[in-house]
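Hi,

Here is the structure I said I would pass on to you.

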Amino acid sequence: MDSDTQTIELPEEPPARQYLLDAQDLHVELSGHHVLKRINLKIPRGETLALIGESGCGKTVLMKTLVGLVRPSRGIVRFDGQDIAAMKPAEAVNFRKKIGFVFQNAALFDSMTVGQNVAFPLRQHNVVDADQVEPLVLRALGEVGLPDDIVRRRPAQLSGGMRKRVGIARALILQPDLVLYDEPTTGLDPIVSDVINELMLGVRRKYPVTSIIVTHDMNTARKVADRVIMLYPRRRLKDHESQVLFDGPPTSLENFEDRRVRQFVRGEAGERLMEMRQLSEEMDEQLDNDRFENEDDDESPLVQ
Ligand SMILES: Nc1ncnc2c1ncn2[C@@H]1O[C@H](COP(=O)(O)OP(=O)(O)OP(=O)(O)O)[C@@H](O)[C@H]1O
């Protein structure tokens, strides 16, 4: 071989993992019912994904399945390339450190002070020396716009919006790779909701964090998410239909071709109203039939 054309063998580098989460062919059965079927989902690093869809369609179950809190009956979830179901105990502990949860209603421990609540993940995972706890807690509270003197207060003394911010500070204290927000603005007034939206945006600007937000708040989905996924209840779909009705940027939601998506984002009951009317007519008919049968038997009690 000509020495000029000789190539130098470089050591092989592992491929950069573009996707933090990669779920393939997920099926979840709970109490004998298929809640999720054939879900495929890749979430790139740094993406903020909103999961929307009507109550009971499986948003929370999907979020929990993506982090191993619900075990799928079929399919695989990879976090940073690793099959989460096959993690060894030490790997699973390390994996949990990389995830921050912001629970619905903040879910703070009432018996602890705000400072103790925010410090909880540090102590639980025993990751820093005792003298580092306070500065980290104050930094996390500062990042969500709360003053230092709040550390000694109890959750019960705070407004709903402040509790939510404390919950976010606690979720962020370990600087996780992935933050899960479960209905972060539910129960908050529109202004405080927007403060929380801005906070979620601010978190993403500061860290290269990946976020999943389960929400019914279309303002949150439109303002905070890079991408929206709309799920549909499995029981109302034909078997061949995909449970993911929409997967795209929030700007495409409003005029999307599927009427069910447009109706959902515009808050129109549409055929659900027809279904409810039909159900109500069926119930009226049933009541009429019962009444007719009872007329033949005057002695029969109305309530047994
Ligand atoms: N542990 C469980 N055991 C049995 N069924 C469950 C369990 N958890 C959830 N389900 C069922 O799975 C379905 C999806 O629930 P999920 O909580 O994911 O809905 P969701 O879309 O988050 O609803 P919402 O918007 O009301 O919170 C529902 O029918 C629910 O009853």
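Below is what I found when going through it.

First, a caveat: this is a predicted model. The protein chain has 304 residues, and 32% of them count as buried. On the secondary structure side, there are nine helices and 10 strands. Taking contacts between residues at least 6 apart in sequence, 66% join residues at least 24 apart.

**Helix packing**

Next, the helices. Two packed helices are described by the angle between their axes and the distance between the axes, so I give both for each pair.

Start with helix H3 (residues 114-125) and helix H4 (residues 130-143), which pack at about 110° with their axes 9 Å apart. That angle makes H3 roughly perpendicular to H4, and the crossing of H3 past H4 is right-handed. On the H3 side the contact has Gly 115, Val 118, Ala 119 and Leu 122, and these meet Val 133, Leu 136, Val 137, Ala 140 and Leu 141 in H4. Sorted by class, the contact of H3 with H4 comes out as eight nonpolar residues, one polar residue and no charged ones.

H3 also packs against H5. Their axes come within 7 Å and cross at roughly 30°. Why do H3 and H5 count as roughly parallel? Angles under 35 degrees are classed that way, and the H3 and H5 axes cross at roughly 30°, so the two helices are roughly parallel to each other. H3 passes H5 in a right-handed crossing. Here Val 114, Asn 117, Val 118, Phe 120 and Pro 121 of H3 meet Val 166, Ala 169 and Arg 170 of H5. The classes in the contact of H3 with H5 are six nonpolar, one polar and one charged. Val 118 is one of the H3 residues that meet H4, and Val 118 is also among those that meet H5.

The last pair is H5 with helix H6 (residues 190-206), at an angle of about 15° and with axes 10 Å apart. These two are therefore roughly parallel to each other, and H5 passes H6 in a right-handed crossing. From H5 the contact takes Gly 161, Lys 164, Arg 165, Ile 168 and Leu 172, and from H6 it takes Val 192, Val 195, Ile 196, Leu 199 and Val 203. In the contact of H5 with H6, seven residues are nonpolar, one is polar and two are charged.

**Positive phi values**

If you check backbone torsions, two residues are worth a look. Most residues other than glycine have a negative phi. Arg 38, though, has a positive phi near 50°. Arg 38 sits in strand S2, residues 33-44, and counts as partly exposed because it has 18 C-beta neighbours inside 10 Å. Gln 175 is not a glycine either, and its phi is positive at about 45°. Gln 175 is in the loop between helix H5 (160-172) and strand S7 (178-182). With 13 C-beta neighbours inside 10 Å, Gln 175 is partly exposed too.

Is Phe 246 buried or exposed? Phe 246 is buried, because 23 other C-beta atoms lie within 10 Å. It lies in strand S10, residues 244-248. Leaving out residues up to four places away in sequence, Phe 246 touches Val 228, Ile 229, Met 230, Leu 253, Phe 256, Asp 258 and Val 261. Between Phe 246 and Arg 260, 14 residues apart in sequence, the C-alpha to C-alpha distance is 9.7 Å.

Phe 109, on the other hand, counts as exposed, because it has 12 C-beta neighbours inside 10 Å. You will find Phe 109 in the loop between strand S6 (99-102) and H3. Its C-alpha atom is 9.6 Å from that of Ala 156, which is 47 residues away along the chain.

Cheers

Definitions and conventions. Residues are numbered from 1 along each chain as its sequence is written. This is a predicted model: local features need pLDDT of at least 70, side-chain atom pairs count only at pLDDT 80 or more; totals for chains, interfaces and linings use all residues. Helices (H or I, at least four residues) and strands (E, at least two) are DSSP runs, numbered from the N terminus. A residue is buried if 20 or more other C-beta atoms lie within 10 Å of its own, exposed if 12 or fewer, and partly exposed in between; C-beta atoms are placed from the backbone. Two residues are in contact if their C-beta atoms, placed from the backbone, lie within 7 Å. Axes are lines fitted to C-alpha atoms, for helices over the stretch in contact, and angles run from 0 to 180 degrees between N-to-C directions. Angles under 35 degrees count as roughly parallel, over 145 as roughly antiparallel, 65 to 115 as roughly perpendicular and the rest as oblique. A crossing is left-handed if the near helix is turned anticlockwise from the far one by less than a right angle, and right-handed if clockwise. Ala, Val, Leu, Ile, Met, Phe, Trp, Tyr, Cys and Pro count as nonpolar, Asp, Glu, Lys and Arg as charged, and the others, Gly among them, as polar.
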